[in-house]
Amino acid sequence: MPFFLGVDIGATWTRALLIDETGRVLNRVKIRTSVNPLEDVAQAVADWHFDAVGVGSIGPLDLRSGWVVNSPNSPSRRFPLVEPLKKLGRPVVAANDCVAAVWGEYVFRRSVDNLVYVTLSTGVGVGAIVNGVLLLGKDGNAHELGHAVIDFRSKRRCGCGGRGHFEAFVGGANMPSFYQEVTGEPPLEPAEIFKRYRQGHEKTREFMELWLDALAAGIATVIAAYDPELLLFGGSIALNNWDIIAEELPRRLREYLGVREPTIAQASFGDDEVAIGAAALAYRTPESLRKFGYPR
Ligand SMILES: [Zn+2]
């Protein structure tokens, strides 16, 4: 039976895991993301047995060269994704993290031809399959809906420098300043905000009304872009607060939606979402990625 290595390069953590053809996890390792994370992975898995390797990484990417370029949050702004893994002597496939995640769902769990994955954590990322085609874009970055404008009059600056972006309101990194702006109270981390909301704090409830409307506006934009049958949420903020999102999002979404509503659900693999997706890219490489010359 063939085995596949999946690697998830996050801003803070790098995860690698080994799966079989059914997506079952057989081995795993987690290391802090360094300036050259794929070198560390190549070392950590040197004696594992596998047939091909896939990488899902924070971006932005240049899929042609196989490099991460100009990444704002990682220890190194530029690093190679493919070269360090070539020394392992197996075929290598690479893609953006959310692109990998949606492919993993498609291959192992949710075989619908119009499928979208949204991660809600420090930032917001999107991966989409439309009519069975995994969308990549000209450089592999066709997923930047976190930077869709949801309030053109807003003065709020996103981490990317733009104004009024989806991520500037709902991303975990931006929630503390958004909370301060709305409530006039000191900034709070997302976990603390959700805790207070559950406890019924009046000002936090007022803030969450806006946060949930911002989430609905952004998700309506994602749905308008891709027209999915099924939209899956991953990322720590969504997974840790799924009860609130599942309860509050659908009716707010109807205020903004212009097309038929998709089914909305949680993603399947928790913290393993991107790594399993990356392994799925190696197991069954999508046609759109083959056009970039993968596997290499
Ligand atoms: Zn932005």
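Reply: Let us begin with strand S6 (residues 67-68), which is joined to S7 by 2 bridges, the two strands running antiparallel. Before going further, please keep in mind that this is a predicted model, in which local features need pLDDT of at least 70 and side-chain atom pairs count only at pLDDT 80 or more, while totals for chains, interfaces and linings use all residues. Residues are numbered from 1 along each chain as its sequence is written.

The names come from DSSP runs numbered from the N terminus, a helix being a run of H or I of at least four residues and a strand a run of E of at least two. Two strands pair if DSSP finds at least two bridges between them. Within this pair, Val68 stands opposite Phe79 in S7. The pair belongs to an open sheet of 3 strands in the order S5-S6-S7, with antiparallel pairing. S5 and strand S7 (79-80) stand at the edges, and each has a single partner strand, so one side of each is left without a neighbour in the sheet.

If its neighbours within four places in sequence are left aside, Asp139 is in contact with Leu61, Asp62 and Leu63, where contact requires that the C-beta atoms, placed from the backbone, lie within 7 Å. Asp139 has 16 other C-beta atoms within 10 Å and is therefore partly exposed, a class that falls between buried (20 or more such atoms within 10 Å) and exposed (12 or fewer), again with C-beta atoms placed from the backbone.

The domain assignment of the protein chain gives domain 1 (4-104 + 270-290) and domain 2 (111-266), with bounds that come from an automatic or database domain assignment. The C-alpha centres of these two domains lie 25 Å apart, and 20 residues of domain 1 are in contact with 20 residues of domain 2. On the side of domain 1 that touches domain 2, at least two residues each are supplied by strand S5 (61-62), strand S8 (92-96), helix H3 (97-108) and helix H11 (287-290). H3 gives the most to that side, with 6 residues.

Elsewhere in the chain there is an open sheet of 5 strands, in the order S11-S10-S9-S12-S13 and with mixed pairing. Strand S11 (133-134) and strand S13 (263-266) stand at its edges, each with a single partner strand, so one side of each is left without a neighbour in the sheet. Strand S12 (residues 230-234) is joined to S13 by 4 bridges, and these two run parallel; Phe233 has Gln266 in S13 as its bridge partner.

Stepping back to the whole, the protein chain has 11 helices and 13 strands. Its radius of gyration is 19 Å, close to the 19 Å that the globule rule gives for 296 residues, so the chain is as compact as a globular protein of that length; the radius is taken over C-alpha atoms, and the rule is 2.2 Å times the number of residues to the power 0.38. Of the 296 residues, 45% count as buried.

Terms used. Contact = placed C-beta atoms within 7 Å.
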